[in-house]
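Hi everyone, thanks for coming. Let me put the structure up, and then we can walk through it together.

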Amino acid sequence: MSKQRKAVALISGGLDSLLAAKTIIEQGVHVEGINFFTGFCVEGHTHAIRKKDKDKPKRNNALWSAEQLGIKLHIIDVIDEYKDVLINPKHGYGANMNPCLDCKVFMVHKAKQWIEENDFDFIITGEVIGQRPMSQRKDTMPVISRESGADDLLLRPLCAQNLPMTLPEREGWVDREKLHDFSGRTRKPQMALANDFGFEDFAQPAGGCCFLTDKSYSDKLVDLWSARGKKEYDLDDVMLLKVGRHIRPNKQFKVIIAREDGEARFMQGYKKDFINMNCASHRGPLALIDGAPSEEDLLVAAQITARYGQGRDVEMVDVMIRDKDGSERQVQVKPFGIDEIPQAWFV
Amino acid sequence: MARENLNAKRLLCPMPVIRTQDKVKTMATGDVLEVVCTDPGVMQDIPAWCRINGHKVLETHSEDMEYTLVIEVG
């Protein structure tokens, strides 16, 4: 009896990785899923924070995919290792701060390490030639195989028939004839295959599953690096770029203002790490002050904070400023008028 | 059977799931882990993770914006 082969599937939570894994499971291969958490994954976070997203299901789509497939899922924290990918991408960025090609090389490389450590035979991804402008092109797909070190252990079941044979195909671990020849940006073949497999209610993120493909998020990240004078970040930075209005009057500081109760609740957890303030005389949002503001800067921050509170139209409001050590003081400021916050301050 | 606790407060999903996964790796079958979180998403994600990895959720409850799950390692 021949040995049952084992493959690890990169599971993003989207439709393509779901279909790729299912295609290989159908061929009798033992498949387990792997999902890398970079910190920039759209999954869950903002849904958990923002009230406006409350109607959306809070499920983690990678876990949901694994459950549909009946496979184990290993979620790996790569936050620290990923910094080098984002800060120094060999192949550069896409339309925003998305280093898609380097990212895919990194993830396949990590998967290669994983199969070596866990005695698996090959790697599956849901890539489709021509699907994405940077990482899923005919000329870049060999780059991923080569630079990740996976070489012909990397099988792309959805477009395998358009690519050179891989080891699992040559060795007969999988039947190439039962793989697919999808290409281009059309989603019709995927929808048809999903229908064949009986999958419904799958996730279809329009801009992918990464915040770095989002212009507004990327602008905030670039602003953060510019203000700090170096490309550095930690997980708290990554999280806080996802919430609030970010207003930067000068390079020394920026004000992060909660837009709704969900964000305010989330930002409460950072009160010990940042100077923070809110209106004392009227209802208003919590504001975190990032950077090293002067006393004068704090008064500007207080005027901005007051602008977003219920006292925005009164002559003067009281604002409570809390330092990181917990000490408090109250100042009285005139809230900025609707046109007094320059558009250029909005990050 | 050992009983252990995991504080996953202030973490947003999937970090509480990752911390739970890493903690469970160090425990034996039949051991019990109590996880306390502040992201309501864990009430969906940790049970899903348990289902696909063969662990059992014994109990869940929430109080004062904290969400607690008690898991038996499978």
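In which helix of chain A is Val143(A) found? Val143(A) is found in helix H6, residues 141-148 of chain A. Helices here are DSSP runs of H or I with at least four residues, strands are E runs of at least two, and both are numbered from the N terminus.

A quick word on what you are looking at. This is a predicted model, where local features need pLDDT of at least 70, side-chain atom pairs count only at pLDDT 80 or more, and totals for chains, interfaces and linings use all residues. Residues are numbered from 1 along each chain as its sequence is written, while chains are lettered from A and ligands numbered from 1 in the order in which they are written.

Now the domains of chain A. The domain assignment gives domain 1 (6-211) and domain 2 (243-345); such bounds come from an automatic or database assignment. The C-alpha centres of these two domains of chain A lie 41 Å apart.

Next, please look at the open sheet of chain A. Six strands run in the order E6-E7-E9-E8-E10-E11, with antiparallel pairing. Two strands pair if DSSP finds at least two bridges between them. The edges are E6 (245-250) and E11 (328-333) of chain A, each pairing on one side only. Inside the sheet, E7 (residues 253-257) and E9 (residues 287-291) of chain A pair over five bridges, and Ile257(A) stands opposite Ala287(A) in E9(A).

Let's turn to where the chains meet. Here, 19 residues of chain A are in contact with 17 residues of chain B, contact being C-beta atoms, placed from the backbone, within 7 Å. H3(A) gives the most to the chain A side, with four residues.

Finally, chain B. Its secondary structure comes to two helices and four strands, running β-α-β-α-β-β from the N terminus on. Along its principal axes, the C-alpha trace of chain B spans about 30 × 20 × 15 Å. Of the 74 residues of chain B, 36% count as buried.

Terms used. Contact = placed C-beta atoms within 7 Å. Buried ≥ 20, exposed ≤ 12 C-beta atoms within 10 Å, placed from the backbone.
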